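How do the parts of this protein meet? The report below follows the contact from its outline down to its atoms.

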Amino acid sequence: MPGVISRHLYEEIVRGALREDAPFGDPFGDVFRDAAAGVFLAGGDGVLCGGPVAIEVFRQVDPSVSVSFSPDGCRVARGDRIGEASGPAGSLLRAERVALNFLQRLSGVATATSLCVSRIAAYGTKLLDTRKTTPLLRVLEKYAVRVGGGANHRFSLSDGILVKENGIRAAGGIVPAVAAARSAAHHLLRVEVEAETLPDVEAAVEAGADAVLLDNMPPSMVREAVARFGGIVFLEASGGIHLGNVEEYARTGVAAVAVGAITHSAPALDISFELSA
């Protein structure tokens, strides 16, 4: 399901983030042992994502803390109360920054994704992410893409073969690159080839590629590629696509657009945590 992520996928990520933030404990926060409560507030409009991860942060800091959030994928507006936590004050202080880091980052990715999806939904074009993710946070950022309404491209190099420009150069051309990919791949692994020109697309199709990535092509060239090859192979457009022009690419009829900016350049959604006085 798009909006579901298993806890075992992020337990170690959370553990590492907590260790980074307080490798030797929190000498100030540990002073406060009385009960306290606070609320999480949205500082801007967007799509909430990361509640389960933030809950895991508090669980690892102190299982006695009670914490809840609005469901991932819900739309929030500035000033909205999106979550609450109660428990020992020191535990809340210890967990708040790490929890907010995850919430702000993942909500930012989900929001950026949702904005792009809203521009192309009417055309039936799929929005894909890329491997341009924060090191060690890929599983969470790709989850946030799904929450925002996008779809995941391959998760890693192991999941599928995408022969890019340098791979083509290393192989000596598109035809030998596809041949090398076929020899390395098992029978269930798809082979996609990056193409920068229409002759490159034709060469990839004739070589037997399962899909072609139309790289840095203007919309007019993408439209021609779709007209000539769209009924033969899966085509996706990528390179230089952003919120400002994604609809123009969708109008070409291409099956999918891959947008790296939804992960590598998504601004964080402003979220705060405030203890009750």
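## Two domains

The protein splits into domain 1 (5-114 + 266-273) and domain 2 (119-263). These bounds come from an automatic or database domain assignment. The C-alpha centres of domain 1 and domain 2 lie 34 Å apart. Domain 1 gives 19 residues to the contact and domain 2 gives 17, with contact meaning heavy atoms within 4.5 Å.

This is a predicted model, in which local features need pLDDT of at least 70 and side-chain atom pairs count only at pLDDT 80 or more, while totals for chains, interfaces and linings use all residues. Residues are numbered from 1 along each chain as its sequence is written, and side-chain values use heavy atoms, leaving out hydrogens and water.

## Buried area

About 1,400 Å² is buried between domain 1 and domain 2, and carbon and sulfur atoms give 71% of that area. Buried area is the accessible area (1.4 Å probe) that two parts lose on being put together, summed over both. On the domain 1 side, Ile5, Arg105 and Thr113 lose the most area to domain 2. Together they make up 36% of what that side buries.

One salt bridge is counted between domain 1 and domain 2. The side chains of Arg105 and Glu141 form a salt bridge at 3.0 Å, N to O (a side-chain nitrogen of Lys or Arg within 4 Å of a carboxyl oxygen of Asp or Glu).

Helix 3 (residues 89-120) supplies eight residues, the largest share of the side of domain 1 that touches domain 2. Helices are DSSP runs (H or I, at least four residues), numbered from the N terminus.

Notes. Helices (H or I, at least four residues) and strands (E, at least two) are DSSP runs, numbered from the N terminus.
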